[in-house]
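Subject: Structure handover and notes

Hello,

The structure is below, with my notes after it. Please read the notes with the coordinates open.

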Amino acid sequence: RMTPRFSVWGITGIPEIAPKDDLVALIAEAITAQSATDPDLALQSGDILVVTSKIVSKAEGMQVPAAEREQAIAADTVRVVAERVHPGGTFRIVETRQGLVMAAAGIDMSNVPEGTALRLPADPDASARALCKGLRDRLGLEIGVVVTDTIGRAWRIGQTDMAIGAAGVQLTDDLRGENDANGRPLHVTQAVIVDEIAGAADLVKGKTTGIPVAVVRGLGRFVTPLDAPGARTLSRTGDDDMFRFGSAEAYRLGYEAAMAEINSRKKQKQD
């Protein structure tokens, strides 16, 4: 029986990305140059490329002036989940038009030119599909692509990377109905493979290394045809979201509903 293992490494040599740059060509060239010095790093079928959304956004021209950041957040917001005022301004957790719940609609000012802010790709799954198809055609390999962004967690300190776009990759490993190591049936276990891949890849990409793309090898069993579902299908919003509002917002809505009920009853008595 083989020992389970996978490996992850960063792709070096990718230049600063500008609007309309050909990401497929730039990534393929960097992989080719890297494998020339280390043949073990040549891409193979079954590999999964993990790409930070920043370079996708830059290539797609999603930059906005820093002075327009608040307007961009508003434009990309479907609803406000929680909002808190602090000395530096207003902090918002929102649901974005991409179906994500995150701070400031994912609009970032790190690793971008001074005076600019960067919006998320308009359709991260479409961006992942274009990258995946382009690289498969160019390299003749069956690979997967995961587009990632950094997110905080409601009950955990700090941030991690997660998949906001995916193509050619199985999103989850659904273990419901199987038995655990002790033979007991699993009822709810559904491992989110693409988020685990995103977090692992961030350990070699990071935020300060200038390495925006990583390769994950050893998980070829999760590589799929291009028509597999995208990462947007992972979002839990609407009625499925048990934590639809922040605590202060939920309290306010409950208070307003209670007051409306009280006033309605008063009016009925008067009538």
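Lys-54 lies in helix 2. Helices and strands here are DSSP runs (H or I over at least four residues for helices, E over at least two for strands), numbered from the N terminus. With a relative accessible area of 15%, Lys-54 is buried; the term means under 20% relative accessible area, while exposed means over 50% and partly exposed in between, using a 1.4 Å probe and protein chains only. Leaving aside neighbours within four places in sequence, Lys-54 is in contact (heavy atoms within 4.5 Å) with Asp-108, Ser-110, Asn-111, Val-112 and Leu-118.

Before the rest, some conventions. This is a predicted model, in which local features need pLDDT of at least 70 and side-chain atom pairs count only at pLDDT 80 or more, while totals for chains, interfaces and linings use all residues. Residues are numbered from 1 along each chain as its sequence is written, and side-chain values use heavy atoms, with hydrogens and water left out.

The cavity

Lys-54 is also one of the residues that line the largest cavity. On a 1 Å grid over the protein atoms alone, a cavity is a set of points where a 1.4 Å probe fits but cannot get out; a pocket is an open set with protein on both sides within 12 Å along at least five of seven lines, and lining residues have an atom within 4 Å of a point. The structure holds one cavity of 30 Å³ or more. The volume of the largest cavity is about 50 Å³, where a volume is the space filled by probe spheres set on the grid points, which are joined across faces, edges and corners.

Besides Lys-54, the lining includes Ser-53, Ser-57, Gly-106, Asp-108, Leu-118, Arg-119, Leu-120 and Asp-149. Helix 2 (residues 53–59) gives the most to this lining, with three residues. By class, the lining has two nonpolar, three polar and four charged residues. In this scheme Ala, Val, Leu, Ile, Met, Phe, Trp, Tyr, Cys and Pro count as nonpolar, Asp, Glu, Lys and Arg as charged, and the others, Gly among them, as polar.

The second largest pocket

This pocket has a volume of about 170 Å³. Its lining consists of Met-2, Thr-3, Pro-4, Arg-5, Phe-6, Gly-218, Leu-219 and Arg-221. Four of these residues are nonpolar, two polar and two charged.

Backbone angles to check

Most residues other than glycine have a negative phi. Ala-105 has a positive phi of about 55 degrees although it is not a glycine. Ala-105 sits in the loop between strand 6 (101–103) and strand 7 (116–118), and at 1% relative accessibility it counts as buried. Asn-111, also not a glycine, has a positive phi of about 55 degrees and is found in the loop between strand 6 and strand 7. At 46% relative accessibility, Asn-111 counts as partly exposed.

Five strands form an open sheet with mixed pairing, in the order 1-12-2-8-9; two strands pair if DSSP finds at least two bridges between them. Strand 1 (7–10) and strand 9 (156–167) stand at the edges with a single partner strand each, so one side of each is left without a neighbour in the sheet. On average, neighbouring strands of this sheet are turned by 30 degrees against each other, direction ignored. Axes are lines fitted to C-alpha atoms, for helices over the stretch in contact, and angles run from 0 to 180 degrees between N-to-C directions.

Five of the five residues of strand 2 (residues 48–52) are buried. Ile-48, Val-50 and Thr-52 point one way from the strand, and Leu-49 and Val-51 the other way. Strand 2 runs parallel to strand 8 (residues 144–153), joined to it by five bridges. Among the bridge partners, Val-50 has Val-146 and Leu-49 has Val-145. With strand 12 (residues 213–217), strand 2 pairs in the antiparallel sense over four bridges, and there Val-50 stands opposite Ala-214.

Helix 1 (residues 23–37) lies across strand 1, strand 2 and strand 12, at about 120 degrees to strand 2. Helix 4 (residues 124–139) packs on the sheet and touches strand 2, strand 8 and strand 9; its direction makes about 60 degrees with that of strand 9.

The chain as a whole

The chain has six helices and 12 strands. Of its 271 residues, 41% count as buried. The C-alpha atoms fill a box of roughly 85 × 55 × 30 Å, taken along the principal axes.

Regards
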